[in-house]
Amino acid sequence: MASDKRGPRNDTRKSSSYCSGITIVLFVAFCLVGVWMMTSATVVPVEFSLADSNRSENRDNKLPADSGPDLSEGNSGNKPEEFKENPVQWIEEKPNRNEEGSNNKDLTSVPENGSEKTMEGINDEVDSENTGKDESSQKVKENYLLDGSDSITINGTEENFEKMNDNPESENTEKEKKSQEAGQKMIENLPDGAQAELLNETSTQTSSWLTQDTESKNEKEKIQNSNPNSLSIPDKKFSHSWKLCNVTAGADYIPCLDNVKAIKKLRSTKHYEHRERHCPELGPICLVPLPNGYKSPIKWPLSRDKIWYNNVPHTQLVQYKGHQNWIKVSGEYLTFPGGGTQFKHGVSHYIEVIQASHSDIAWGKRTRVILDVGCGVASFGGYLFDKDVLTMSFAPKDEHEAQVQFALERGIPAISAVMGTKRLPFPSAVFDAIHCARCRVPWHIEGGKLLLELNRLLRPGGYFVWSATPVYQKLQEDVTIWESMSALTKSMCWKMVSRTKDKVNGVGLAIFQKPNDNSCYETRMATDPPLCEDTDDRDASWNVPLQACMHKVPVDPTVHGAQWPQEWPQRLVEVPYWLKKSSKIGVYGKQASDDFQTDYEHWKRVVSKSYLNGLGIDWSTVRNVMDMRAVYGGFAAALREMQVWVMNVVTTDSPDTLPIIYERGLFGLYHDWCESFSTYPRTYDLLHADHLFSLLKSRCDLLPVFSEVDRILRPEGKLIVRDKAETISELEAMARSLNWEVRMTYTKDTEGLLCVQKTLWRPTEFEANM
């Protein structure tokens, strides 16, 4: 029995050993076959599928199977050296998301099902396996795909090149042919190598150029300390629960002008302190609601004469100024007959009266850039476009309800500002003329402090046009004011060159001219108002208190304001005289005059080859444009032939190049983007930011800044950003969180381009009471 029991156990062991032997043999054979296949077959790259579309850093779709880079967060752009020799470019594309309130159109046609089409990339140093690719695909690569490190996103999805570069002799289905055509059309709209270059500022700028932060030594609000925890998070992790701003101003909210808490603490409002900027310590991160019934703005030039009532639903000015033809209600429109307090029968006639009063004004030639004080609805500036004159209009946010908002909705440049206790945010000696038509400013009081601010802004030889009742009426109050103004302007060495009565409008105007030299200052008997101290920086204007003094006329040929600029339009392209004579190094590291030319040629190339044709922007819908970080004004100059105007913003921590912009016949102002801009919501069609946001990150969080971008940009408006690739990724994530359309992202090495479009989307929940 015992032997019988052991017998079966021994048989079982033999069977198990036999099976194990067979298993080993089969495993060895399988390995040998695998080795043989690996040595005889061509290695096929592994294709990574990146489902998440919220990415804009450089990544590659095709990678060698044995050397793929780490695609985890933060390592998307790290490529091994052997991979860099033959990189593969890729593109993203998909149909529109058709989000609520968006009428965004695709930049290109795409396959009906929106499915991805892939192809092998083509490189300059192509392997023998790739030599069969057609010549057209090689040409595409050379023209549009830059040195193997570019990545492009169009309308939010990614694709690499494959079907477009297939052998033309291969048989394609009809759907594949359509895909090829769509891809080719998309490539033709991409930035090419010439225009994709980036001008890099050099370290010399801080030593060669002053900034408003250094010039404005008396400013009361200092720039925030560097914040090491400023927003810099991967786009995949970014999230924010947006809510509507819960403020009294509602759809007209301007954070720095509607800061009720700060205004209540003011000790006095005698000098309009309550109309000045009082910014909250932390910028709002809420969204301003839309007015009920908001519509896409009427296009220029029709918008000059009428706008949608629902977009700016205010009627107080209609009741208050309707008899003077400022504004009227006509059905669903607000109309602007072109009248004003001093030109009830039309501003066009009024403009001609000014020209006839003093021919040397020469609208659109000698006089190109002017300042309109207390502009109302800015009809004066709106009609001066016909004369090729650019007008910076401003008025306070006061009982004249939404006057600046009306102007901007009409497509006329304007800002909310007041002549109170601080200098206006402009450099000295930049305006060719300054205009005031019943602007309600008491020029003659307190030593003429307010008129002396105009003297600071006016070019030597420039004109002050004053149309007000003291000029032509004989009431005792008017006579007294006229006598005071006459004495003040004489002591300032201003010469009255004309005093005219317009019979049609029944009003009068006086024109004064600022002196061209210092001879009058040196020989005048009176010393009141006094000359400013030599230590007083005439260009310092950011939060600098007004002073009742006059600056001497510049005589140094290397200083702006010493000579009158060339006539328009020659001044647009002419290198400013003081840059020609200066040894100063420019912002980008070249000699200043060469720097200026390089900047202009750069932006002409970028605008013509990319912005006008490559971003899918319908420029007929664009009127109000802002360059959020201008340098020499090259971007604005490149748009000269378009029916747009550009507000050039020189940031307070950047080289002070704003006088150069004015010298070209363009305009702008100083601003710190860590604070809210002095404009109404929904007032710009296009915002352009060249390396702004990456610089801001060291001083303030980007989320409140992007909230401000949303506030001032109109629904369906565009934001174009050129910046560091990592910053582009952050901004794209913020835009997506706002349900904006991502029109294009484009990255090359560490630099990138982003074009996004705001939609009508608004959250439904309000934040806690602010």
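Student: Which residue is the bridge partner of alanine 437 in S13?

Tutor: In S13, alanine 437 has serine 467 as its bridge partner. Keep in mind that this is a predicted model.

Student: How many bridges join S12 and S13, and in which sense do they pair?

Tutor: There are six bridges, and S12 and S13 pair in the parallel sense.

Student: How many residues of S13 are buried?

Tutor: Ten of its ten residues are buried, which leaves S13 mostly covered.

Student: Let's zoom out. What is the strand order in the open sheet of seven strands?

Tutor: The order is S11-S10-S9-S12-S13-S15-S14, and the pairing is mixed. At the edges sit strand S11 (414-416) and strand S14 (495-502), each pairing on one side only. Ignoring direction, neighbouring strands of this sheet are turned by 20° against each other on average.

Student: What about S9 and S12, in what sense do they pair?

Tutor: Parallel, over four bridges, with S9 covering residues 369-373 and S12 covering residues 431-437. As for a specific pair, valine 373 has cysteine 436 in S12 as its bridge partner.

Student: And how many bridges are there between S9 and S10?

Tutor: Five, and S9 and S10 pair in the parallel sense too. Within S10, serine 393 is the residue that stands opposite aspartate 372.

Student: Is S10 enclosed or open to the outside?

Tutor: Strand S10 (residues 390-395) has six of its six residues buried, so it is largely enclosed by the rest of the structure.

Student: Which of its residues point which way?

Tutor: Leu390, Met392 and Phe394 point one way from S10, while Thr391, Ser393 and Ala395 point the other way, and all are buried.

Student: OK, helices. Which strands does H9 lie across?

Tutor: Helix H9 (residues 347-357) lies across S12, strand S13 (458-467), S14 and strand S15 (507-513), and it runs at about 45° to S15. Helix H14 (residues 476-491) also packs on the sheet, touching S13, S14 and S15. The direction of H14 makes about 175° with that of S13.

Student: New topic: what is the order of strands in the open sheet of three?

Tutor: That one goes S6-S8-S7, with antiparallel pairing. Its edge strands are strand S6 (306-308) and strand S7 (328-330), each pairing on one side only. From one strand to the next, the twist averages 30°.

Student: How many bridges join S6 to S8?

Tutor: Three bridges join S6 to strand S8 (residues 333-335), and the two run antiparallel. Lysine 306 stands opposite threonine 335 in S8.

Student: Moving down the chain, where is tyrosine 632 found?

Tutor: Tyrosine 632 is in the loop between S16 and helix H19 (634-638).

Student: Buried or exposed?

Tutor: Buried: the relative accessible area of tyrosine 632 is 1%, and the cut-off for buried is under 20%.

Student: What is it in contact with, leaving aside neighbours within four places in sequence?

Tutor: Tyrosine 632 is in contact with Trp209, Gly586, Val587, Tyr588, Asp595, Phe596, Asp599, Thr657, Ile660, Ile661 and Arg664. Proline 659 is 27 residues apart from tyrosine 632 along the chain, with their C-alpha atoms separated by 9.0 Å.

Student: Asp595, Phe596 and Asp599 again: which residues of H18 are buried?

Tutor: Those three are among them, and the others are Ala592, Ser593, Tyr600, His602, Trp603, Val606, Val607, Ser610 and Tyr611.

Student: What does H18 reach from its first C-alpha to its last?

Tutor: Helix H18 (residues 592-611) has 20 residues and reaches 26 Å, close to the 28 Å expected at 1.5 Å a residue.

Terms used: Residues numbered from 1 in each chain as written. Predicted model: local features only at pLDDT ≥ 70, side-chain atom pairs only at ≥ 80, totals over all residues. Heavy atoms only, no water. Pairing = 2+ DSSP bridges. Axes fitted to C-alpha atoms, helices over the stretch in contact; angles between N-to-C directions. Contact = heavy atoms within 4.5 Å. Expected span 1.5 Å × (residues − 1). Buried < 20%, exposed > 50% of the residue type's maximum accessible area, 1.4 Å probe, protein only.
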